[in-house]
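Visitor: I've got the chain on my screen and I'd like a quick tour. Could you walk me through what stands out?

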Amino acid sequence: MAYYDKEHRDKIDCFNDMWSKLDDIEELAKTYQIADIAQDNNLKLLQTLVLFDFDNQPGREGSDAIDRYGHAWELKTVNIDLTSSFSTNHHTNLERINIFRQERWLFSSYKGIILQEVYVVNPRHLETYFSKWEQSVKEKIAANIENAHLNNPKIPLKYVKEVGTKVYPISTPLDPAEVLKTL
């Protein structure tokens, strides 16, 4: 294929046609306070907000979403074509760990951009991880390490499947907000 020959132009036209359909999704995203679906996993975030009737928490600090009861949710995604663990937070410090303990957790696994499964997890089931991370941060503090934190501690998908409640796909819709209405 030569540059900008008929085959190349046909590919460009096909791509432009498909790309134009993203405009509708971008408009929907704006109603969820998502300004750019191509940034920061926002397309997957939008899918989660729509599927589970959550409200977005714009900005990069704190919880990711709020359910109809006003409860904070930590949303995590993993592309199982690339890895088998969920990343958490680039600057996991003692304050962030304490926030994690108060949030409900929703874990979504994808193959590329195709949603495979979604699990909700009570933060109590993650306490083993929180305690281990807390101990590591405290050791860094004791060693006088400035800005003591962990960089993206992981939670394995296998563990999430063991302790979580599957809410997608299932034959009868299961509302994550109801599953973890109380902690």
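**A walk along the chain**

Guide: Let's start on the surface, where Phe15, Met18 and Trp19 make a nonpolar patch with about 360 Å² of accessible area together. A patch here takes residues with over 30% relative accessible area and no salt bridge, joining like charges within 9 Å and nonpolar side chains (Val, Leu, Ile, Met, Phe, Trp, Tyr) within 5 Å. Areas come from the Shrake-Rupley method with a 1.4 Å probe, and for residues only the protein chains shown count as cover. A word on the model: it is predicted, so local features need pLDDT of at least 70 and side-chain atom pairs pLDDT 80 or more, while totals for chains, interfaces and linings use all residues. Residues are numbered from 1 along each chain as its sequence is written, and side-chain values use heavy atoms, with hydrogens and water left out.

Visitor: Which helix holds phenylalanine 15?

Guide: Helices are DSSP runs of H or I with at least four residues, strands are E runs of at least two, and both are numbered from the N terminus. By that scheme, phenylalanine 15 sits in residues 6-20, which is helix H1.

Visitor: Is glutamate 26 buried or exposed?

Guide: Glutamate 26 belongs to helix H2 (residues 22-31). Buried means under 20% relative accessible area, exposed over 50%, and partly exposed in between (1.4 Å probe, protein chains only). With a relative accessible area of 18%, glutamate 26 is buried.

Visitor: What is glutamate 26 in contact with, leaving aside its neighbours within four places in sequence?

Guide: Contact means heavy atoms within 4.5 Å. The C-alpha atoms of glutamate 26 and isoleucine 37 are separated by 6.3 Å, though the two are 11 residues apart along the chain. Beyond those sequence neighbours, the contacts of glutamate 26 are Ala35, Asp36 and Ile37.

Visitor: How many salt bridges are there?

Guide: Side chains of opposite charge can pair when their charged atoms come close. The rule is a side-chain nitrogen of Lys or Arg within 4 Å of a carboxyl oxygen of Asp or Glu. Counted that way, the salt bridges come to 13.

Visitor: Which aspartate is 3.2 Å from arginine 68, going by the closest N and O atoms?

Guide: The two form a salt bridge at that distance, and the partner is aspartate 53. Arginine 68 is in the loop between strands S2 (65-66) and S3 (72-79) and its partner in the loop between helix H3 (42-52) and strand S1 (55-56), so the bridge ties together parts 15 residues apart in sequence.

Visitor: How far apart in the chain are aspartate 175 and arginine 68?

Guide: Their side chains meet in a salt bridge at 2.6 Å, N to O. Aspartate 175 lies in the loop between strand S8 (165-168) and helix H7 (176-179), arginine 68 in the loop between S2 and S3, and the separation is 107 residues.

Visitor: Where does glutamate 117 find lysine 166, and in which strand is that lysine?

Guide: The closest N and O atoms of this salt bridge are 3.1 Å apart. Glutamate 117 is in strand S6 (residues 114-121), 49 residues from lysine 166, which is in strand S8.

Visitor: What is omega for the cis peptide bond of tyrosine 168 and proline 169?

Guide: Most residues other than glycine have a negative phi, and most peptide bonds are trans. Proline 169 is in the loop between S8 and H7. The cis bond joining tyrosine 168 to proline 169 has an omega of about -15°.
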